[in-house]
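Please look over the chain below before reading on. The text then moves from the overall fold to its details.

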Amino acid sequence: MQVSRALGGRSVSACSLLPRGVRGRLVASLVFACAASSTAAFASADAGVAEADAGTPAAEFEAVAVDIVETPLLGSGRAPAAQATIVETSRYGGEVRSVAQLLATSPGVSIHTLGGPGQAATVSLRGATADESLVLLDGIPLAGPGGGAIDLSTIPAGLLDRAVVSRGVLGAQLGSGALGGVIELLPRGPNKDGPHGGAEASAGSFGTVQLAADVSSPLGASGGLVGAAQLERTGGAFDYQRQLTPELAGAPYYDEVRANDDARRAAALLRWSTQLSGGIEASALAQASAGIRGLPGPIGGFTPHARAEDASWVAGGRLQGSIGEGVWTARAWARGSWLQLRGLQLLAGDCLPGDPGCPTTANRSLASRAEGELRLPVGDRQWVSALISAGGEGVSGAGVGLRRRALASLALADDVRFFQGRLSVHPAVRLDQVGDATGLSPGIAVLGRPFDEHAALGPLELRSGLGWSFRAPSLAELYLDQGSITPNPGLRPERAWSLDAGLAWRTERVTLSLGAFWSSYRDLILYEQNPPARIKAFNIGAARIAGLEARAVLTLPHGLLAEASYSYLEAINRRASQTEGGQTLPYRPPHRLFLRGAYRGDRFEGYSELDAISSMPRNQFGTAYLPARAILSAGAGVRAVGPLWIDLEARNLLDDRTQQDLFQYPLPGFSLAAIARARL
């Protein structure tokens with residue numbers, strides 16, 4: 001199994017795409033992959049603070065002209081007027097939140113986990129697969145080994161300041177691969193007021209412990225340095241219940257204990273910035289993560305001896321200055337990853353690592369890129385920008401040696417305002433070369449404020465967007481022989497277009513938004529049987545995905561906050577097949593509801609939330625379904641002394657131990673965590 005895919009990196013379920021006659025114990029690595037590689041599953045969500053105000057007239061161009069980490073909360077500077085949500089990590093102080101859990105509060109977001117804490121998690125947007133949803137760390141695109149979707153569990157939430165979730169086909173603005181949208185993870189920025197820092201420790205059920213610390217200090221008159229580190233571990237042995245004969249109505253549940261579900265991880269981040277001579281701003285970022293965990297497998301396909309080890313790093317630098325009234329930016333970055341699987345064999349399930357015939361497989365990836373961007377004003381109501389980028393990526397794996405390809409991009413964008421700023425238009429086009437694949441991504445977004453800001457309807461905003469883009473197959477899909485999966489060098493890029501429209505009402509205390517979208521996908525990469533006992537990727541998929549996204553955020557007096565979101569998704573398989581055509585795509589819940597209430601005072605704090613999703617199909621034939629799921633959580637804390645806060649958090653208050661994630665991995669029942677944190 002592709003190692004990145006075996007950890008949830010592939011967004012299409014190999015299990016659900018196989019003909020029914022070849023499921024079950026097809027291959028040992030597929031036992032794990034039938035859940036882990038299927039990150040085409042989706043469970044929509046909504047989180048954060050307020051919906052992004054990407055079109056504030058006085059600040060929009062400033063946000064583009066400076067480092068995004070330093071900008072106000074305006075959404076993405078590279079995708080103005082896109083439907084976007086801001087997720088601030090500071091709002092979740094006193095809670096044990098992973099990056100996946102933070103993002104899961106945003107409209108249109110679906111998180112795919114493999115069960116308990118510390119296990120792999122990927123993200124997808126608006127029904128697209130995880131591979132079709134970009135994740136950027138400080139502007140650097142992240143990917144798993146071989147180019148698969150990034151495993152969010154390798155990015156500690158304690159290192160981040162906030163996340164910007166932009167939804168829609170945004171290849172024109174942010175690059176190929178953004179068919180569902182883009183998530184920009186923004187690390188903590190330096191504090192210019194003097195040394196500051198914080199620390200947090202938590203301990204809870206299943207032997208879960210987490211330690212995190214960060215420090216920020218100015219350097220000289222205009223520079224700054226931020227450092228952060230996080231350690232976490234979990235024993236993962238939680239109680240759950242399962243049916244031995246789920247195909248029989250009313251089958252009894254039996255108590256079991258999750259095995260081989262432990263995980264350990266360490267991560268660190270360092271960010272530096274300064275002002276050079278000539279008004280040039282410089283910044284650099286480095287982040288690294290390493291971990292080891294068990295691979296327990298889904299219900300009915302347990303792998304009690306399988307293990308995974310991984311390591312990844314990201315480094316980048318940026319220079320920015322002015323040329324006349326324009327702004328120029330030069331960036332360069334590199335990333336690398338390594339992943340090793342032990343205890344998985346081709347036909348006999350798992351095996352004891354170290355025994356004869358028990359394989360160890362590994363792959364490595366490396367990518368680097370450099371780009372230059374120039375933004376110039378045209379009059380007082382228009383900015384034009386141009387970007388050029390070039391680089392390369394490579395992957396190596398057992399038996400295939402090193403495979404490499406070049407990357408190049410050329411992009412143009414325009415931001416124009418009319419009617420005293422009440423109407424802004426953002427056309428863009430991008431040409432990407434990914435190895436032998438070439439694709440053009442055009443797009444346009446429009447933001448309108450039809451009423452004067454002092455009028456009764458002044459806060460009303462109208463937004464719409466249209467975009468086309470593509471995703472080139474990953475190097476792993478093209479070249480890596482992964483035991484159960486045969487590579488296909490003839491794969492073509494996946495392609496999609498999307499149209500969305502919405503309205504929003506924003507005041508100091510109220511944010512209301514409602515949006516709708518329609519997307520069409522073709523040449524989707526799906527996996528089919530490839531005799532005698534393997535599967536292979538082909539461009540044989542097509543889909544129509546449409547939906548609604550509604551959100552309300554109320555900032556109430558006395559430190560109270562209430563938010564709610566509802567997502568509706570209709571994902572139809574348009575594949576030319578009598579058994580699959582017209583069916584609902586699997587692993588995409590039609591309905592999702594998220595409710596949260598929180599209180600933050602000088603002495604006390606607390607929250608409660610409900611995350612519920614409807615029943616959904618788990619195969620492409622519409623013959624098997626995952627049941628509806630609801631998780632209720634709550635927490636409360638007190639400032640004990642000085643800056644020290646003590647909190648207690650409870651998850652799954654209903655203690656439903658029968659729940660499973662989208663790929664039949666059991667989920668923990670009731671759990672507790674105690675958190676101590678302080679900021680100086």
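The model is predicted. The protein contains seven helices and 35 strands. Of its 680 residues, 57% are buried. Taking contacts between residues at least 6 apart in sequence, 65% join residues at least 24 apart. The protein exposes about 25800 Å², and carbon and sulfur atoms supply 61% of that area.

Two aromatic pairs occur in the structure. In one of them, the ring centres of Phe 238 and Tyr 240 are 6.4 Å apart and the ring planes stand at 65°, so this pair counts as edge-to-face, the cut-off for that class being over 60 degrees. Phe 238 has 0% relative accessibility and is therefore classed as buried. Tyr 240 is also buried, because its relative accessible area is 2%, and buried means under 20%. Through ring pairs, Phe 206, Phe 238 and Tyr 240 are linked into a cluster.

On the surface there is a nonpolar patch made of Leu 512, Leu 554, Leu 556, Leu 560, Tyr 599, Phe 604, Val 638, Val 641, Leu 644 and Ile 646. Together these residues have about 780 Å² of accessible area. Strand S27 (534-556), strand S33 (629-641) and strand S34 (644-651) are the elements that each give two or more residues to the patch. Leu 512, another patch member, lies in strand S26, which spans residues 510-530. With a relative accessible area of 38%, Leu 512 is partly exposed, as that class lies between the 20% and 50% limits.

Conventions
Residues are numbered from 1 along each chain as its sequence is written. This is a predicted model: local features need pLDDT of at least 70, side-chain atom pairs count only at pLDDT 80 or more; totals for chains, interfaces and linings use all residues. Side-chain values use heavy atoms; hydrogens and water are left out. Rings of Phe, Tyr and Trp (its six-membered ring) pair if their centres lie within 6.5 Å; planes under 30 degrees apart count as stacked, over 60 as edge-to-face and the rest as tilted. Buried means under 20% relative accessible area, exposed over 50%, partly exposed in between (1.4 Å probe, protein chains only). Helices (H or I, at least four residues) and strands (E, at least two) are DSSP runs, numbered from the N terminus. Contact means heavy atoms within 4.5 Å. Accessible areas come from the Shrake-Rupley method with a 1.4 Å probe; for residues, only the protein chains shown count as cover. Patches are made of residues with over 30% relative accessible area and no salt bridge: like charges are joined within 9 Å, nonpolar side chains (Val, Leu, Ile, Met, Phe, Trp, Tyr) within 5 Å. A salt bridge is a side-chain nitrogen of Lys or Arg within 4 Å of a carboxyl oxygen of Asp or Glu.
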